[in-house]
Amino acid sequence: MKYYSTNHQAPEATLEKAVVKGLAEDKGLYMPDHINRLPQEFFDHIQDMSFQEIAFEVAKGFFAEDIPADDLKQIVYDTLSFDVPAVKITEKIYSLELFHGPTLAFKDVGARFMARLLGYFNKKQNADRLVNVLVATSGDTGSAVANGFLGVEGIHVYVLYPKGKVSPIQECQFTTLGQNITAIEVDGVFDDCQALVKNAFMDADLNAHMKLTSANSINVARFLPQSFYYFYAYAQMKKAGKADNLVVCVPSGNFGNICSALFGVRMGLPIKRFIASNNANDIFYNYLQTGKYEPKPSVQTIANAMDVGDPSNFARIYELYNRDHAAICAHISGATYADEQIADTMRQCLKETGYQLDPHGACGYRALQEGLQEGETGVFLETAHPAKFKGVVDAIISGDIEIPAKLAAFMKGEKQSVSMTKEFADFKAYLMTK
Ligand SMILES: *Cc1c(COP(=O)(O)O)cnc(C)c1O
């Protein structure tokens, strides 16, 4: 399969190039040049298949032209070697819990898949040169990437994070791992971390010295595998006899997650319509209302993994619908909630159903409550475990929610990090010793 750029000014790329480069030369996002429809037989039997079996069929749709089936199967099964997502019932609204990976957030699957695919390509090239992944994080991405790449042969990961600006739970998820993961604590803010990474990719000396790549969320290897979840959700709803008129609501920030679902629909997944739920960062919501895409600086909210002022995957959605505003509106509606509404929703849902939402999932739950129509069944994605945002959640519900064993285990580990200034010269000197 070939991958083209959403800006249409760069040459087409192979899967391998799209994965290793991440971004096209014209700064556009890579898109597969065709989307394969999955056979009807698959949908007829999907309710009897395991998560891994479903994911493998979907992965073949994307990657079978480039990766032999046996290798792909191993990558998929290895990626999903943890508990399956749960579907929980809260009256007529269903929650698909995507927090069963190592860091209890949905980004785990994409990060793990990408790590394995990158490892596969590196091995295939027979290169004994280490691939170095640089990633800047304000919290969540760093933990998903670090855990996704942990122990993958031939790859070393450097996670750059701003000193004192990530939560203690997040920090220990990437500073206690050791092995092929190095945490770099930068005396600066997130933007400084990002600038160090960007400068490193552009630096000729460094690129001559070591093989560098990014694990950005726009990478096709991180974003396409997220579609596995939606097929699995459909299968569970079908099993429960609830798959007709399915509405799926996705708490969205960068729009990678919902975009992967829209690819799923093109593969034949029978989901009737989508709701993209935003926090106060309402760029997509406004686009739906006005037809104008107007990015603006992000504002900080309690659902902070969705604090995005210029969602990069908008370009992919736009392309998928042939830049047709009406077509997008016919299939996707929007919602936007202020922090106070998110907090109210968390309290109300807990009181009425006993279900503990996290601030991101709360945006999804509320949009379904408000937007579901007669005869429809709603599923929202609970994108992270509420304990990941313990401080915020406890304050809202006046409670003390339990930290799951998986998270607690991280907190027992010993923190190890390299201190770094925000000067590129220092970062470069450090990497040149590697
Ligand atoms: C990243 C993230 C989101 C937003 O997903 P996008 O793909 O960026 O739209 C929502 N919730 C949580 C918990 C996240 O980590």
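A cavity is a set of grid points where a 1.4 Å probe fits but cannot get out, and its lining residues have an atom within 4 Å of a point. In this predicted model, a search of the whole structure finds two cavities of 30 Å³ or more. The briefing also covers the second largest pocket, with a volume of about 450 Å³, and the packing of helix α4 (69-79) against α3 and against α5.

**Cavities**

- The largest cavity has a volume of about 40 Å³.
- Its lining includes Glu97, Leu98, Phe99, His100 and Gly101. Phe82, Pro85, Ala105, Asp108, Val109 and Tyr229 also line the largest cavity.
- Seven nonpolar, two polar and two charged residues make up the lining of the largest cavity.
- The second largest cavity holds about 30 Å³ of space.
- Among the residues lining the second largest cavity are Ser252, Gly253, Phe255, Asn278 and Asn281. Asp282, Ile283, Phe284, Met306, Val308 and Pro311 belong to that lining too.
- By class, the lining of the second largest cavity has six nonpolar residues, four polar ones and one charged.

**Second largest pocket**

- The volume of the second largest pocket is about 450 Å³. There are 18 residues in its lining, and the closest to its centre are Arg116, Gly119, Tyr120, Lys123 and Glu153.
- Helices α4 (69-79) and α5 (107-124) each supply at least two residues of this lining.
- The most is given by α5, with six residues.
- Eight charged residues, five nonpolar and five polar form the lining of the second largest pocket.

**Packing of α3 on α4**

- Helix α3 (residues 51-63) packs with α4 at an angle of about 130°, and their axes are 9 Å apart.
- On the α3 side, the contact is made by Gln52, Glu53, Ala55, Phe56, Ala59, Lys60 and Phe63. On the α4 side, Ala69, Leu72, Lys73, Val76 and Tyr77 take part.
- The contact of α3 with α4 has eight nonpolar residues, three charged and one polar.

**Packing of α4 on α5**

- The angle between α4 and α5 is about 145°, with 9 Å between their axes.
- α4 crosses α5 in a right-handed sense.
- From α4, the contact uses Asp71, Leu72, Ile75, Val76, Asp78 and Thr79. From α5, it uses Val109, Arg112, Phe113, Arg116, Leu117 and Tyr120.
- Seven nonpolar, one polar and four charged residues form the contact of α4 with α5.

Methods: Residues numbered from 1 in each chain as written. Predicted model: local features only at pLDDT ≥ 70, side-chain atom pairs only at ≥ 80, totals over all residues. Heavy atoms only, no water. 1 Å grid on protein atoms, 1.4 Å probe; cavity = no way out; pocket = protein on both sides within 12 Å on 5 of 7 lines; lining within 4 Å. Points joined across faces, edges and corners; volume = space filled by probe spheres on them. Helix = DSSP H or I, 4+ residues; strand = E, 2+ residues; numbered from the N terminus. Nonpolar A, V, L, I, M, F, W, Y, C, P; charged D, E, K, R; others polar. Axes fitted to C-alpha atoms, helices over the stretch in contact; angles between N-to-C directions. Contact = heavy atoms within 4.5 Å. Left-handed = near helix turned anticlockwise from the far one by under 90°.
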